[in-house]
Amino acid sequence: MTDLALRTGSINLGQGFPDTDGPSKVIEAARQALSHGANQYPPLNGTAPLREAIANQRQHRYQTPYNPQEQIVVTTGATEAITAAILALCEPGEEIITFDPAYDVYPAAARFAGARCRRIPLCPTLHGYEFDPQELAAAVNAKTRLVVLNTPHNPTGKIFTSAELQNIADVCIRHNLIAVTDEVYEYLTYEDYEHTPLASLPGMEERTLTVSSAGKTFSLTGWKVGWACGPTHLVSAMRSVKQYLTFASAAPLQDAVAIGLTSEEGWVAGLRRNLAANQEILSQGLRKAGFNVLPAEGGYFLQADVSPTDQPEALDFCRNLPHMGKIVAIPTQAFSAPENTKRYSSLVRFAFCKNDEVMKVAAQRIVTCF
Ligand code: PMP
Ligand code: GLN
């Protein structure tokens with residue numbers, strides 16, 4: 001879809017990446033590191049300043065303590081962390097529980113490991129997306145090894161509620177499952193919604209690998225600096241896999257990200273405010289054009305129901321939108337398993353992580369087009 005956006009001169013509200021750079025202090029720190037010799041292999045598990053900054057961030061923000069020597073590994077984006085965790089922990093034939101729709105890396109990494117995903121559908125309701133706890137309980141069997149949870153969630157914008165997190169934690173504890181949580185949008189929450197890591201629930205710290213990344217928090221998606229935190233034995237298993245995936249991640253960027261985590265909370269708060277305003281601009285345009293909007297509680301993406309249009313199938317709608325309205329968006333069903341695509345067939349994921357001028361033009365184009 002990014003290619004289609006380029007070819008048609010469309011505004012790309014498909015792939016989620018910002019069009020504004022991250023904090024200048026962090027970028028300058030990377031520039032300094034490049035010209036001052038941080039250009040050879042860093043330690044496999046990441047540089048000491050970054051691991052310490054991650055440990056401090058998790059402790060201060062969520063009161064979850066991690067020992068930076070043994071319980072943190074820096075990775076090439078959250079993508080490598082998720083893949084390494086799944087490869088490290090799943091044997092061929094084992095099963096992973098995920099929610100549907102899901103970020104595309106989870107099923108792909110499961111297949112690398114020879115494992116299989118069991119997807120619990122998130123159903124669009126008047127109160128947002130919900131899953132059926134009975135379906136979750138029924139999905140566990142003797143082969144289940146992991147639960148992969150993404151909150152704030154891509155592509156729906158859902159933030160799992162305390163009751164839902166407790167339900168997932170109860171299932172993990174009851175069946176001795178490991179959780180891998182993808183928290184790349186941990187800072188990007190709107191209105192009164194807050195992010196709670198699954199690892200902060202009683203009994204979960206010792207069975208959860210928590211994954212995050214600098215990409216979304218600092219608008220540095222091209223840096224691909226991510227990490228995982230968890231109990232020593234799980235992080236050690238991940239490090240064994242990382243040794244043969246990439247061995248180490250980009251040296252000059254790591255200490256710059258540490259500076260971001262230590263001193264740029266104010267910048268991130270500004271980003272969150274801008275994103276909230278952008279979501280409003282896009283939602284208003286979509287509503288004016290007659291769509292039903294399912295707002296994002298967190299993350300980069302909102303959902304619009306295109307059934308009121310003369311192209312009620314999201315797939316057709318998204319194929320035509322670049323030509324009709326010079327906008328690219330992604331059908332939500334692209335993130336779903338074949339058995340669930342019908343549930344999402346009229347839903348479209350729009351990114352709102354572009355600057356406000358671009359969002360205004362996009363909203364205007366939608367209003368004019370429909
Ligand atoms: N998880 C989710 C839910 C995402 O939306 C993305 C996209 N950036 C990633 C992981 C990948 O993160 P990274 O670029 O740090 O690998
Ligand atoms: N996370 C972003 C998205 O979901 C982009 C990542 C990617 O293009 N692989 O659109």
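1. In this note, a helix axis is a line fitted to C-alpha atoms over the stretch in contact, and angles run from 0 to 180 degrees between N-to-C directions. The model under discussion is predicted.

2. On that basis, helix α4 (residues 77-89) and helix α5 (residues 105-112) have axes that come within 9 Å and cross at roughly 40 degrees. The crossing of α4 with α5 is right-handed. On the α4 side, the contact is made by Thr 79, Ile 82, Thr 83, Ile 86 and Leu 87; these meet Val 105, Tyr 106, Ala 109, Ala 110 and Phe 112 of α5. By class, eight residues of this contact are nonpolar, two are polar and none is charged. An α-helix has 3.6 residues a turn, so residues three or four places apart point the same way.

3. Helix α4 also gives the most to the shell around ligand 1, contributing three residues. That shell holds 14 residues, of which Gly 77, Ala 78, Thr 79, Asn 154 and Ser 213 come nearest to the ligand. Nine residues of the shell are polar, three are nonpolar and two are charged.

4. Helix α2 covers residues 24-35, and its length can be checked: at 1.5 Å a residue, its 12 residues should span 16 Å, and because the end C-alpha atoms are 17 Å apart, the two values agree. After α2 comes Gly 37, with a positive phi near 90 degrees.

5. An unreviewed UniProt entry lists residues 11-366 as "domain: Aminotransferase class I/classII large".

Definitions and conventions: Residues numbered from 1 in each chain as written. Chains lettered and ligands numbered in written order. Predicted model: local features only at pLDDT ≥ 70, side-chain atom pairs only at ≥ 80, totals over all residues. UniProt positions renumbered as here; feature names shortened; annotations may be inferred. Helix = DSSP H or I, 4+ residues; strand = E, 2+ residues; numbered from the N terminus. Expected span 1.5 Å × (residues − 1). Near = placed C-beta within 6 Å. Nonpolar A, V, L, I, M, F, W, Y, C, P; charged D, E, K, R; others polar. Left-handed = near helix turned anticlockwise from the far one by under 90°. Contact = placed C-beta atoms within 7 Å.
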